[in-house]
Amino acid sequence: MRVLILAKEGEQSAAATPPAADAMAAYQKFNEELVKAGVVIGAGRLSPSAQGKRVRFDGKKRTVIDGPFAESKELVAGYWLWQVRSIDEALEWLKRAPYDGGIFEIREISMSEGV
Amino acid sequence: MCEGALAIDPRNGDAPEGPGRGETAATEAHRAIEAIWRIESARLIARLARVVGDIGTAEELAQDALVAALEQWPAAGVPERPGAWLMGTAKHRAIDLIRRRQALERRHEELGRDVERAQEGLDLDTAIDEEVGDDLLGLIFAACHPVLSKDARVALTLRVLGGLTTEEIARGFLVPVSTIAQRIVRAKRTLAEAHVRFEVPGGAERVARLASVLEVIYLIFNEGYSATAGEDWVRPALCEEALRLGRILAELAPTEPEVHGLAALMEIHASRLRARVGPSGEPVLLLEQDRSHWDRLLIRRGLAALERAERLGGAMGPYALQAAIAACHARAATAAETDWPRIAALYDAVAQLAPSPVVELNRAVAVGMAFGPAAGLDLVDALIPDPSLKAYHLLPAVRGDLLRKLGRSGEARAEFERAASLTQNARERELLQRRAAECAAEGIVG
């Protein structure tokens, strides 16, 4: 199954602050391990929401809202696409990630028709 | 789409106990152990094999560690570093085993050294974090050793590298569990008897051994992609296992062009998995597929892998060539835009590299598309006397298709009926029978 891992950050500023060098190295080591295990099929880090846009749909009306999205408690800061055999496997991998804060969400990507 | 045959989905009743919320801590631990096993088992076996020298013993030691985890974790909880725990447990057993062996052989002077070597090789603190790349590669080469039959190589590879249980492999290949169990036992015995050394081969031997590895992975992929038998047209779980092995191999042997060629081929083919099965499980052939259902991510990954293979000088490798053909389809936004002359030329190159009637048949299809059905039919007709294609259902299927395009519905119908009688796959049979019926209808109208 394919899962999306969403890295969430509470504060907008966090996404703009580059991580410390040793934290970055630990992350890279972990990511490398995942790639070597054939798990990672895609990944990305998102720019701060200040550079983002939202479009609200209301019937025929479309309203564009500029970032930053200060009202959000949990903003997506990055994502991974993993190919795993089960949610449990994704969980076991994720628990090994070298983070000391934040919330990470695992969601299975539905492969059914008509998404 | 159906759940993969190998996927362990607790909601479908594979878990020992009921669904999610009310599950006990023990069930939760079992699920965690299963997942951890899949992550750790190959590395564990590879590391142990380097120390004890053969993968049969290594696999048994790793299994012992798994049993210990199943006994202890449900009550004690999953340790913080489960991989290190498994390695530590297996290490103690490996040392016990070496001591027992040595005691039996009464070679006391060597005992100390071997135990030392085992201690060194399985240092608890570093064992998990350390690079295991070469050990893993050694494990792949051993499991795919040419001394083993193809069936044995496939089963052993899925077992020691994929971390699959015997039951899961049996389900994937629709054979009895006892058959797979026997295959694995015999494979391990054969490797031990042939004194297959646990190593990464070099030089000319490496080329031949690598070809065997690639073949095994591609066999697994193909069994999932065009299931040769049974009710399902595809078994995506097998494709996923093969893809994973291919991706791992591409990381372990990044300078081998054909490794990327195979990865490219599988990624691009897998991109169509969803599109090649219709709503009721029936096959949908390439040119009739809804291309918006093709997985763009896998296509992109496949094209990138193909580029790597070509950059490494491997454009003319057998897998890279097949990947290049698959890429022609992947790049065409509609079936009508397919670059058939290029595909025909690529098949030509494949045929020169490894002449085979099946390749010729594929070339005939491409020629038929590029230069008209009559040209294709000439090539197909030349293949009819070939004894190796006597029972091959795709020969009459292709012939039927070309005859139909030439307006010879009566002959086309007979060919499709013949093809339907030859295939072992139920879904494919239905498709071919439908084609035959369409020809019959055309015959009446025309």
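Where in chain B is B:Leu174 found? B:Leu174 sits in the loop between helix 7 (166–173) and helix 8 (177–193) of chain B. The model is predicted.

Most residues other than glycine have a negative phi. B:Leu174 is not a glycine, yet its phi is positive, at about 55 degrees. B:Leu174 has 15 C-beta neighbours inside 10 Å, so it counts as partly exposed. Buried would need 20 or more, and exposed 12 or fewer.

B:His195 also has a positive phi, near 50 degrees, and is a residue other than glycine. Its place is the loop between helix 8 and helix 9 (203–225) of chain B. Is B:His195 buried or exposed? B:His195 counts as exposed, because it has 9 C-beta neighbours inside 10 Å.

## A cis peptide bond in chain A

Most peptide bonds are trans. The bond from A:Gly67 to A:Pro68 is cis. Its omega is near 0 degrees. A:Pro68 belongs to the loop between strand 4 (61–66) and strand 5 (75–83) of chain A.

## Two packed helices in chain B

Two packed helices are described by the angle between their axes and the distance between the axes. Take helix 9 and helix 10 (residues 236–252) of chain B. Their axes come within 6 Å and cross at roughly 155 degrees. Angles over 145 degrees count as roughly antiparallel, so helix 9 of chain B is roughly antiparallel to helix 10 of chain B. The crossing of helix 9 and helix 10 of chain B is left-handed.

Which residues make this contact? From helix 9 of chain B, they include B:Val213, B:Ile217, B:Ile220 and B:Phe221. From helix 10 of chain B, they include B:Leu238, B:Ala242, B:Leu245 and B:Leu249. By class, the residues of the contact between helix 9 and helix 10 of chain B are twelve nonpolar, two polar and two charged.

## Where chain A meets chain B

How many residues does each chain bring to the contact? Chain A brings 17 residues and chain B brings 18 residues. On the chain A side, helix 2 (21–36), strand 2 (40–45) and helix 3 (87–95) each supply at least two residues. Helix 3 of chain A gives the most to this side, with five residues.

Definitions and conventions. Residues are numbered from 1 along each chain as its sequence is written. Chains are lettered from A and ligands numbered from 1 in the order in which they are written. This is a predicted model: local features need pLDDT of at least 70, side-chain atom pairs count only at pLDDT 80 or more; totals for chains, interfaces and linings use all residues. Two residues are in contact if their C-beta atoms, placed from the backbone, lie within 7 Å. Helices (H or I, at least four residues) and strands (E, at least two) are DSSP runs, numbered from the N terminus. Axes are lines fitted to C-alpha atoms, for helices over the stretch in contact, and angles run from 0 to 180 degrees between N-to-C directions. Angles under 35 degrees count as roughly parallel, over 145 as roughly antiparallel, 65 to 115 as roughly perpendicular and the rest as oblique. A crossing is left-handed if the near helix is turned anticlockwise from the far one by less than a right angle, and right-handed if clockwise. Ala, Val, Leu, Ile, Met, Phe, Trp, Tyr, Cys and Pro count as nonpolar, Asp, Glu, Lys and Arg as charged, and the others, Gly among them, as polar.
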